[in-house]
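Subject: Structure handover

Hello,

Here is the structure for you to take over. Please open it before reading the notes below.

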Amino acid sequence: MKRKKLVYAFSAFIFTLVVISISVYSCEKETITPGNTQLMKFEDLQEPELPSGPAICGSYQERDLIQEDGTTVGRAYTYNNTKYMFITVITNKGFYMNDLSANVSKRFEDIPRDEKGNPIILRFNHFIDGNILSNIRIMRIPLDEMGPSSILTVVAQVRQQTYNDQFPVKTKRAWIDGREYGTTILGRVFTYNKGICLTNDAVSIPD
């Protein structure tokens, strides 16, 4: 009987050692990463010189880029030449954009919205896929998709840089400033009046 107890105790001891060894090995192999940040590729582009004079028709509009909590995180410029309307979005220092989505329509009622009046961003009709974070996004929209006056709603998915080139896992929506709409998702909408071209050969803006 005493021998059986010794064998049992020895077996239990060996089992415990194996469990501890596996646990230590697993801990050594585990990569510990912060719960609220992640490494991402990003780029700081040089702020473009806004076109003026013969390069565009009329003048450009400047509006703030505002998060849903009211924080201003950048600015946006809209302008057109004889072929395209351009939306140039520039974030403040330390803020970067993933996706940029825009919806252009002739009427407010044509903006994709759910039953609560919230914007359905995935159904907007223009989109830039931001796999690499950037401080600048430029969207080009053909003028033949627009009337003399168009309704625009434009949103960027924004991250704020924290430390060691890290960013929050979750993005925050930031809208080009305008009249608020929606209930649980607060979008913003504004009117763009197409600039009148004095000639038919306005200087082309580089792509």
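The notes below go from the whole chain to single residues.

This is a predicted model, in which local features need pLDDT of at least 70 and side-chain atom pairs count only at pLDDT 80 or more, while totals for chains, interfaces and linings use all residues. Residues are numbered from 1 along each chain as its sequence is written, and side-chain values use heavy atoms, with hydrogens and water left out.

Overall

Of its 207 residues, 39% are buried (under 20% relative accessible area; exposed is over 50%, partly exposed in between, with a 1.4 Å probe and protein chains only). Among contacts with a separation of 6 or more, 68% are between residues 24 or more positions apart (contact means heavy atoms within 4.5 Å). The accessible surface is about 13000 Å², and carbon and sulfur atoms hold 54% of that surface (Shrake-Rupley method, 1.4 Å probe; for residues, only the protein chains shown count as cover).

Strand β3

Strand β3 (residues 61-67) pairs with strand β4 (residues 72-80) in the antiparallel sense, over six bridges (strands pair if DSSP finds at least two bridges between them). Asp64 is opposite Arg75 in β4. The two strands β3 and β4 make a hairpin with four residues between them, and Gly70 in the turn has a positive phi of about 95°. β3 also runs antiparallel to strand β12 (residues 172-176), to which three bridges join it; here Ile66 stands opposite Trp175.

Aromatic pairs

There are nine aromatic pairs in the structure (ring centres of Phe, Tyr and Trp, the last by its six-membered ring, within 6.5 Å; planes under 30 degrees apart are stacked, over 60 edge-to-face, the rest tilted). One of them is the edge-to-face pair of Phe124 and Trp175, at 6.4 Å centre to centre and 65° between the planes. Phe124 is in the loop between β6 and β7 (126-128) and Trp175 is in strand β12, so this pair ties together parts 51 residues apart in sequence. Phe124 is buried at 8% relative accessible area, and Trp175 is buried at 0%. Trp175 also forms an edge-to-face pair with Tyr181, at 6.4 Å centre to centre and 75° between the planes. Ring pairs link Phe108, Phe124, Trp175 and Tyr181 into a cluster.

Nonpolar cores

The largest nonpolar core has 24 residues, of which Met85, Ile87, Val89, Met146, Leu152 and Ile176 touch the most other members (a core is a set of buried Ala, Val, Leu, Ile, Met, Phe, Trp, Tyr and Cys residues joined through side-chain atoms within 4.5 Å). Its largest share, five residues, comes from β6. Another core, of nine residues, lies apart from it and includes Ile111, Ile121, Tyr181 and Val189.

Thr88 is in strand β5 (residues 84-91) and is buried, with a relative accessible area of 0%. Its side chain makes a polar contact of 2.9 Å with that of Tyr79 (N or O atoms within 3.5 Å; within protein, one must be able to donate a hydrogen and the other to accept it, and residues adjacent in sequence count only if both atoms are side-chain atoms). Ile138, in strand β9, is partly exposed at 44%. Not counting residues up to four places away in sequence, Ile138 touches Phe86, Ile87, Thr88 and Ile128.

Regards
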